[in-house]
Amino acid sequence: MRREAKVDKYYHIHISPRPGVTREQIESVLNRAIDWYRYDPKNWIVYTNSDAKTWYSRLQSLVEPEGYTLICKLDMSDRYGFMPKGTWEWIEGLKGKARGL
């Protein structure tokens, strides 16, 4: 049986956790990614070889039943915006790790 290679990719993850969940708890789950960057209190860019469904499964207990989350794939080859300098430095720093930047 042939296994497909996992491909590294970027996801935007927005998390509004259920009451009582801390940022540290969220970020301990996000540490399973290759790398991540929090650019806003509830928004992260995650560099990973896992898919959105896997990330949802990992984060589900921190969100349900009273919170919410959105996980969507990012195409970093076409980007533009006004963000904190650290965001751009993080993206540029991944150029050596990732394809498509």
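## Basis of the model

Residue numbers start at 1 along each chain as its sequence is written, and side-chain values use heavy atoms, with hydrogens and water left out. Because the model is predicted, local features need pLDDT of at least 70 and side-chain atom pairs count only at pLDDT 80 or more, while totals for chains, interfaces and linings use all residues.

## Overall fold

The chain has three helices and four strands, in the order β-α-β-β-α-β-α from the N terminus. Helices (H or I, at least four residues) and strands (E, at least two) are DSSP runs, numbered from the N terminus.

Of the 101 residues, 35% count as buried; buried means under 20% relative accessible area, exposed over 50%, and partly exposed in between (1.4 Å probe, protein chains only). The chain exposes about 6,800 Å², of which carbon and sulfur atoms supply 50% (Shrake-Rupley method, 1.4 Å probe; for residues, only the protein chains shown count as cover). Among contacts (heavy atoms within 4.5 Å) between residues at least 6 apart in sequence, 67% join residues at least 24 apart.

## The sheet

The four strands form an open sheet in the order β2-β3-β1-β4, with antiparallel pairing; two strands pair if DSSP finds at least two bridges between them. Strands β2 and β4 (68–74) stand at the edges with a single partner strand each, so one side of each has no neighbour in the sheet. The twist averages 20 degrees from one strand to the next. Axes here are lines fitted to C-alpha atoms, for helices over the stretch in contact, and angles run from 0 to 180 degrees between N-to-C directions.

Helix α1 packs on the sheet and touches β1, β2 and β3, its direction making about 20 degrees with that of β3. Helix α2 also packs on the sheet, touching β1, β3 and β4, and its direction makes about 160 degrees with that of β4.

Strand β2 (residues 35–40) and β3 are antiparallel over five bridges, and a hairpin joins them through two residues. Asp35 stands opposite Tyr47 in β3, and Arg38 opposite Trp44 in β3.

## Nonpolar cores

A nonpolar core is a set of buried Ala, Val, Leu, Ile, Met, Phe, Trp, Tyr and Cys residues joined through side-chain atoms within 4.5 Å. The largest has 15 residues, and those with the most contacts inside it are Ile13, Ile15, Ile26, Leu30, Val46, Trp55 and Leu59. At least two residues each come from β1 (9–16), α1 (23–30), β3 (43–48) and α2 (52–63). The largest share, four residues, is from α2. A second, separate core of eight residues includes Tyr10, Tyr37, Met76 and Leu94.

Leaving aside neighbours within four places in sequence, Leu59 is in contact with Ile13, Ile15, Val29, Leu30 and Ile71. Val46, in strand β3, is buried with a relative accessible area of 0%. With neighbours within four places again left aside, the contacts of Val46 include Lys9, Tyr10, Ala33 and Trp36. The C-alpha atoms of Val46 and Lys9 are separated by 8.1 Å, although these residues are 37 apart along the chain.

## Helix α3

In α3 (residues 85–93), Thr87, Trp90 and Ile91 are buried. They lie on the same side of α3 because they cover an arc of only 95 degrees around the axis, taken from the directions from the helix axis to the C-beta atoms. The buried residues of α3 pack against β1, β2 and β3. The face of α3 turned away from its buried side carries the exposed residues Lys85 and Gly93.
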